[in-house]
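Here are some exercises to work through with the model open beside you. Try each task on your own before reading its solution.

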Amino acid sequence: MRPFTYERARDPQAAVKAAAETPGARFLAGGTNLLDLMKLEIERPQHLIDVGRLPLGQVEETPEGGLRIGSMASNTALAADARVRSRYPVLTQAIVAGGSPQLRNKATTGGNLLQRTRCAYFYDTSKPCNKREPGSGCGALEGLNRNAAILGASHACIATHPSDMAVALVALDARVETLAPDGDAREFPLMELHRLPGETPEVETHLIRGELITAVVLPPPPEGGQVYRKVRDRASYAAGLASVAVAGGRVALGMVAHKPWRAAEAEAALAGGASPEAAMDAELASASETGRNGFKITLTARLGAAAIAEAKGTR
Amino acid sequence: MKTTITVNGAARTLDLDPRTTLLDALREHLRLTGSKKGCDHGQCGACTVLVNGLRINACLSLAVMHDGDEVTTIEGLGSPEKLHPMQQAFLTEDAFQCGYCTPGQICSAVALLGEVEAGWPSQATQDLTGKVALTDEEIRERMSGNICRCSAYPQIVAAIKRAAGALA
């Protein structure tokens, strides 16, 4: 691990100011992804600002009938929250499908959103990766690409976003609240947080330097069933090949793109009376395969159709 | 950096390089070598300890993040003279072979019983709003972050069920 300096943030304002002013600064919350990547010297921050104990861990009711989830709420606490379990079961299902209990006890809501890809070439520092080393090329294009993206990928990067939680949050139409170094608070749809890779896969979100996620806000739960389904090589504690979250008429897909993927085409088809199978076919009409990941298109189509049907209670 | 952590009930102040993980602080600085370094990447669970009552991977946390925290390691659960019921259950059920993963397994299992008691759901939980039953499926799912290379899994499940009965 490269040397770094460490500070514990006093309050959110001090944290964002320090992050903007200190060269090579990064926020540290649970650390389960960042510290792992620092040991491999993939992440090389010069300064860590520990935001893990900021008073941003509450889950509160909103006046609109939704929930405001502090960004430092742990994955465990959020999944176990009685209001989440009863009103947003898709979120609990998604969270407990990811990582292990030890990791979920440490991992935070904000950190989960900002975790990095599990692409083998991002992790292997002896191989090219445009995300880790811009301009070096993409090793996955001609290499181990069985679990690569099938939607929204570019010739520069075919990595996927690994989060389960974020897929459910996108299906629930969550919004993100942030604090910027100039003191400005802003909020926007979660589905606008992450970017597609394009020519700059090293830039993964629309956050500006020093901007801190302070909360995720859920609107009231939608009418209709909620379901989260995930397929992976082992029954537990393994990265996903594909996942789907359904919340009422909304559908999101996981591990198939550089970001949690809102299935807008499928939603439109369903709203027009299409069958679950036809809706997924509409969504995946733009899917493309790279090397050995073609099976993920079929897998995602079937998984999505099954989850949509299950949420409707028709199967 | 000066860091004070209460380890197994005693406050310990260390002057650490910020890079020191909680696991290395326990093993190399406090000589508490019960917690094991397996993968050092949060994948095997051999380093599992309890921090403020919650199980975490000590290898994926910096010691300086734990200033003021209470840490319990396998050494703090029981002693050779007075074993923790979970330690005794692992002996009774022969729930290990080489023993390297065992301290992490036991710390994880102790936390597991508390999580089930509190009603926290897992991937194996069918009714998210009801009570959690301590089925084999629940135990296996909840112990998935602890790998046993000797594959003592059936005995580990039996030990956890035995300890749950002894503790109830």
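Helices (H or I, at least four residues) and strands (E, at least two) are DSSP runs, numbered from the N terminus. This is a predicted model, in which local features need pLDDT of at least 70 and side-chain atom pairs count only at pLDDT 80 or more, while totals for chains, interfaces and linings use all residues; side-chain values use heavy atoms, with hydrogens and water left out. Residues are numbered from 1 along each chain as its sequence is written, and chains are lettered from A and ligands numbered from 1 in the order in which they are written.

**Exercise 1. Describe the setting of A:His47, then find how far A:His47 is from A:Pro220 in space.**

Step 1: A:His47 sits in strand E3 of chain A, residues 47-50.

Step 2: The relative accessible area of A:His47 is 8%, so A:His47 is buried.

Step 3: Among the residues that A:His47 touches, not counting those up to four places away in sequence, are A:Phe4, A:Tyr6, A:Thr22, A:Pro23 and A:Arg26.

**Exercise 2. How do H3(B) and H4(B) cross, and which residues meet?**

Step 1: Two packed helices are described by the angle between their axes and the distance between the axes. Axes are lines fitted to C-alpha atoms, for helices over the stretch in contact, and angles run from 0 to 180 degrees between N-to-C directions.

Step 2: For helix H3 (residues 85-92) and helix H4 (residues 102-117) of chain B, the axes come within 10 Å and cross at roughly 125°. That makes H3(B) oblique to H4(B) (angles under 35 degrees count as roughly parallel, over 145 as roughly antiparallel, 65 to 115 as roughly perpendicular and the rest as oblique).

Step 3: The crossing of H3(B) and H4(B) is right-handed (left-handed if the near helix is turned anticlockwise from the far one by less than a right angle, right-handed if clockwise).

Step 4: From H3(B), B:Met86, B:Gln87 and B:Phe90 meet B:Thr102, B:Gln105, B:Ile106, B:Ala109, B:Val110 and B:Leu113 of H4(B). This contact of H3(B) with H4(B) has 6 nonpolar, 3 polar and no charged residues (Ala, Val, Leu, Ile, Met, Phe, Trp, Tyr, Cys and Pro count as nonpolar, Asp, Glu, Lys and Arg as charged, and the others, Gly among them, as polar).

**Exercise 3. Now follow H4(B) to H6(B): at what angle do their axes cross?**

Step 1: The axes of H4(B) and helix H6 of chain B (residues 153-167) come within 11 Å, crossing at roughly 50°. H4(B) and H6(B) are therefore oblique to each other.

Step 2: H4(B) passes H6(B) in a right-handed crossing.

Step 3: B:Gln105, B:Ala109, B:Leu112 and B:Leu113 in H4(B) face B:Ile156, B:Ile160, B:Ala163, B:Ala164 and B:Leu167 in H6(B) across the contact. By class, these residues are 8 nonpolar, 1 polar and no charged.

**Exercise 4. Find the aromatic pair counted over all chains, and classify the pair.**

Step 1: Rings of Phe, Tyr and Trp (its six-membered ring) pair if their centres lie within 6.5 Å; planes under 30 degrees apart count as stacked, over 60 as edge-to-face and the rest as tilted. The count comes to 1 aromatic pair over all chains.

Step 2: The ring centres of A:Phe122 and A:Tyr123 are 6.1 Å apart and the planes stand at 85°, so the pair is edge-to-face.

Step 3: A:Phe122 is buried at 1% relative accessibility, whereas A:Tyr123 is partly exposed at 22%.

Definitions and conventions: Contact means heavy atoms within 4.5 Å. Buried means under 20% relative accessible area, exposed over 50%, partly exposed in between (1.4 Å probe, protein chains only).
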